[in-house]
Amino acid sequence: MMSMFRGKKRLIFAVVAAYLTFISFWLILDQTALDENHPTKQNYPLKRQSSQGEMSEENELVFDWSTTSSASETKHFTPPSDALDPNSAYYGNIYKDMYGHPVRNASIYGNETFKVDWKKYFPAIITSLKKYEVQNPTRDPAAFTSETSTVSLETSNKAFKVGDVLVAHIQAKDRLNRSKTFGGDYFRARLIRTEPNGNLTDGIACNVKDHLNGSYTLQAPLLMAGTFILEVKLVCPLEGIAEFINFTSMRNNKGNFFQAILQTNETVECNMDLNTYDGYEKTPMCDYGNPRNGETWFCVLPPSRKCSPITWLVIDRRGRVPPFDYKIKYPPIYGNVTQIVGSGTQVNVSLGAFNDKSIKVTDLPSVYLHQGNWINTLSSKPISSSKNFHECLEHKPVYMFGDSTIRQFFYLFKSKFDLELYGPDSSKVWQQPKTARSKEGKSKITLYYRAHGPPLGNPGPPSSRPYITDSIDGIKVENESQVYVIFNIGLHLLQDETSLYVRRLLSIKEAIIRHHKSFSNSKFIVRGMNVVETIDEWLIMRYETLLREIFKKMTNVFYLNLWDMTTVIPLSGYHPTPPVLNQEALLLLNLLCEA
């Protein structure tokens, strides 16, 4: 009997051990699939517990990163009736069957009439590029702007007080220490306190004005007392910007290629425009574009000569090298993000009679960090973390459209408000549409997430990548209730021809106008870009500028400015780490509940 009992005991132990091993393997496999499928997988916060993620008590927005495991998403549940309805606003696919698939010759789409002029938003750079062409026609690297550039305070011995404006001057210089005579360089500056204050360093973003003659003026409102360091970095010289513009001047991404698997089980190459690469000018194409918003998407006509529906799309990395691989060739030729001469100057600020209305600074930063709290410069008040956000969001559906940085907000709020998660499994397709709703008996909060349309550097079916315009058009507003819509787009299009991005934004703007004609009470939040210390930063800054310009002065459309925040706390990767994400979420919640 004892032997039989021991045998049963061993059997039970073996079963339990096998089960735990399977669960552990599944979680690891799940995370691996998410990471490997993501083109910017560094710093992605899924299931990551940060030992440095603690906030001050006033600013705490607790989030247990382990709760985002997609293993919990695959549990059995009974979803709401509209959560899995492919024709609901939840999916954003109402118009998917309208997309025609005629066979066309791609060459008819390559003319300039389909381009949108993005350069009109950057007159200073265009003026400087013309001078560059004249003064350095041979592209002599010795004449490129470099870290020999200098920054100096306008009044070095001034006794600064709170309420003053710090003014400094930058003189751009080349690698032979000669002063430049034209502008267009991208400098980034911040004031940071030398006294440590928890995980986040107090500071404020500085404004830099280009005088188009090689000199720049830097301004920073002194809004708190203390000892500060003025940090100024040359992020990208004009010569490097010229290469970025050249690199992104064609209508398809030179570095990214997409492959589609069709319903006929044939694999073909696809992109927004194939007529400018690999000799496809005369190759018959299948048109999978969106006729409602003018977005283009073409695939090569397969051997069957049938333009059957796309069932799966994946980014193709078969070892091809783009014509100019800037991530390899750019740094040694044009330089990398680096501090200039004079950066590190100490500035002492004492208490004074503070009157924020007397501060006159061009483009006053939207927020600054003081004693671990973000302060709104317009109201001089801390960004609140004590509001009843549950009450603010109750019975007001929140739609989140965009890439993985918007998805971070979705999962953060899902955990913060203790919501149930519904939707397709995300273990292999991270951008699957999701719904999060309040549990039974709790405040009625509903969140929707879905990604944006192609190009998107993650594999998946068309249903996982609806266009934001279609998602907006599919929103249901019942009983004239208020809805919130938060969206972003840009990181997956950084290397594409910029006019395509402008056209994408303009089509979204038109969708917002259409929506407001029927539902004028809806609030739209445009999520701005983050400062990321990488050679991509100027490309990100260009899209940040376009976002601000295209959506400004629209009724019930508000801009979530994260640029000033992340100038003070620059990111090392595309995804904000928990401390920064928590602060960005507080800004978003305050904007939603006060706008």
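Okay, let's start with E533: with a relative accessible area of 32%, this residue is partly exposed. Keep in mind that we're looking at a predicted model. E533 makes a salt bridge with R188, and the closest N and O atoms are 3.2 Å apart. E533 sits in the loop between β25 (523-527) and α9 (537-551), while R188 is in strand β5, so this pair ties together parts that are 345 residues apart in sequence. And R188 is buried, at 5% relative accessibility. Through shared partners, salt bridges join R188, K233, E533 and E537 into one network.

Across the whole structure, the search turns up 14 salt bridges. Another one is E239 with K180, where the closest N and O atoms are 3.0 Å apart. E239 belongs to helix α3 and K180 to the loop between β4 (165-171) and β5 (186-193), so here the parts being tied together are 59 residues apart in sequence. E239 counts as buried at 1% relative accessibility, and K180 is buried too, at 6%.

Now, helix packing. How do α2 and α3 sit relative to each other? The axes of α2 (residues 123-135) and α3 (residues 238-247) come within 11 Å and cross at roughly 105 degrees, so the two helices are roughly perpendicular. On the α2 side, the contact uses I125, S128, L129 and Y132; on the α3 side, L238, E239, I241, A242 and I245. By class, that's seven nonpolar residues, one polar and one charged.

Last one: R139 pairs with E133, closest N and O atoms 3.1 Å apart. R139 is partly exposed at 33%, and E133 is partly exposed at 42%.

Definitions and conventions
Residues are numbered from 1 along each chain as its sequence is written. This is a predicted model: local features need pLDDT of at least 70, side-chain atom pairs count only at pLDDT 80 or more; totals for chains, interfaces and linings use all residues. Side-chain values use heavy atoms; hydrogens and water are left out. Axes are lines fitted to C-alpha atoms, for helices over the stretch in contact, and angles run from 0 to 180 degrees between N-to-C directions. Helices (H or I, at least four residues) and strands (E, at least two) are DSSP runs, numbered from the N terminus. Angles under 35 degrees count as roughly parallel, over 145 as roughly antiparallel, 65 to 115 as roughly perpendicular and the rest as oblique. Contact means heavy atoms within 4.5 Å. Ala, Val, Leu, Ile, Met, Phe, Trp, Tyr, Cys and Pro count as nonpolar, Asp, Glu, Lys and Arg as charged, and the others, Gly among them, as polar. A salt bridge is a side-chain nitrogen of Lys or Arg within 4 Å of a carboxyl oxygen of Asp or Glu. Buried means under 20% relative accessible area, exposed over 50%, partly exposed in between (1.4 Å probe, protein chains only).
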